[in-house]
Amino acid sequence: MKKGVSFLVAVALMALASSLASASDPSPLQDTCVAIAEPKNAVFVNGKFCKNPNLTKAEDFFYSGLDKPGNVSNPVGSAVTQVNVAQIAGLNTLGISAVRIDYAPYGQNPPHTHPRATEILTVLEGTLLVGFVTSNPENRLFTKVLNKGDVFVFPIGLIHFQFNIGHTNAVAIAGLSSQNPGVITIANAVFGSDPAIDPDFLARAFQLDKNVVKNLQSRFWYDNN
């Protein structure tokens, strides 16, 4: 009997140790979440505060308007309509969101990354050239031409893009594995930061003439989101 009890205790301890070893902090749901000692000065939790379940209603899980095309009359020729926790409060803590992306002929969704989400994209209309680049040191480029009904995945955190190579408008829908995936458009972040990054540093980093960097920094970097 004692041996049996000892065995069960050992199994229980191993299970507890295993669960503790696999434990981890939740992934961040915004760019920063600085700890604060004074709760009265706090403005967020990791994500959003939760509504009292007794006050929840159907509208908390609803969004209307994804059938409407975005305005693609802009420098990059695309528009992203986001449906994340800012639009559907009921997405809070569920780890999922969506976007509609409209593309003018030869429009693009410029190279960007989602720091908190993997993306799965489905083409509804048109033909897109899509791709992503793996991390250093390989920096492998994976590309594919997608037609109506085709699906492609962009792994979390990797730089990716879409380009409408057709003569007509294109439309895609994408799901993302975060309630707030975030987006960092590479050119906007590097050359359009506020305040600006030192042009001498960027000139060396990109092996460009300093005047070229200054010219890039002087431009308006359009955000299609």
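Residues are numbered from 1 along each chain as its sequence is written, and side-chain values use heavy atoms, with hydrogens and water left out. Because the model is predicted, local features need pLDDT of at least 70 and side-chain atom pairs count only at pLDDT 80 or more, whereas totals for chains, interfaces and linings use all residues.

The secondary structure comes to four helices and ten strands, taken as DSSP runs numbered from the N terminus (helices H or I, at least four residues; strands E, at least two). From the N terminus on, the order of elements is α-β-β-β-β-β-β-β-β-β-β-α-α-α. Of the 225 residues, 32% count as buried, a term that stands for under 20% relative accessible area, with exposed for over 50% and partly exposed for what lies in between (1.4 Å probe, protein chains only). Among the contacts (heavy atoms within 4.5 Å) with a separation of 6 or more, 69% join residues 24 or more positions apart.

Helix 4, residues 210-218, has Val213, Leu216 and Gln217 as its buried residues. They lie on the same side of helix 4, because they cover an arc of only 100° around the axis, the arc being that of the directions from the helix axis to the C-beta atoms. The cover over these buried residues includes helix 2 (186-191) and helix 3 (199-206), while the face turned away from the buried side carries the exposed residues Asn211 and Ser218.

In the loop between helix 1 (2-21) and strand 1 (78-83) lies Asp60, which counts as buried because its relative accessibility is 11%. Its side chain makes a polar contact with the side chain of Lys51 at 3.0 Å (a pair of N or O atoms within 3.5 Å; within protein, one must be able to donate a hydrogen and the other to accept it, and residues adjacent in sequence count only if both atoms are side-chain atoms). The side chain of Asp60 also reaches the backbone nitrogen of Lys57 at 2.9 Å. Leaving aside neighbours within four places in sequence, the residues in contact with Asp60 include Ile88, Ala89 and Gly90.
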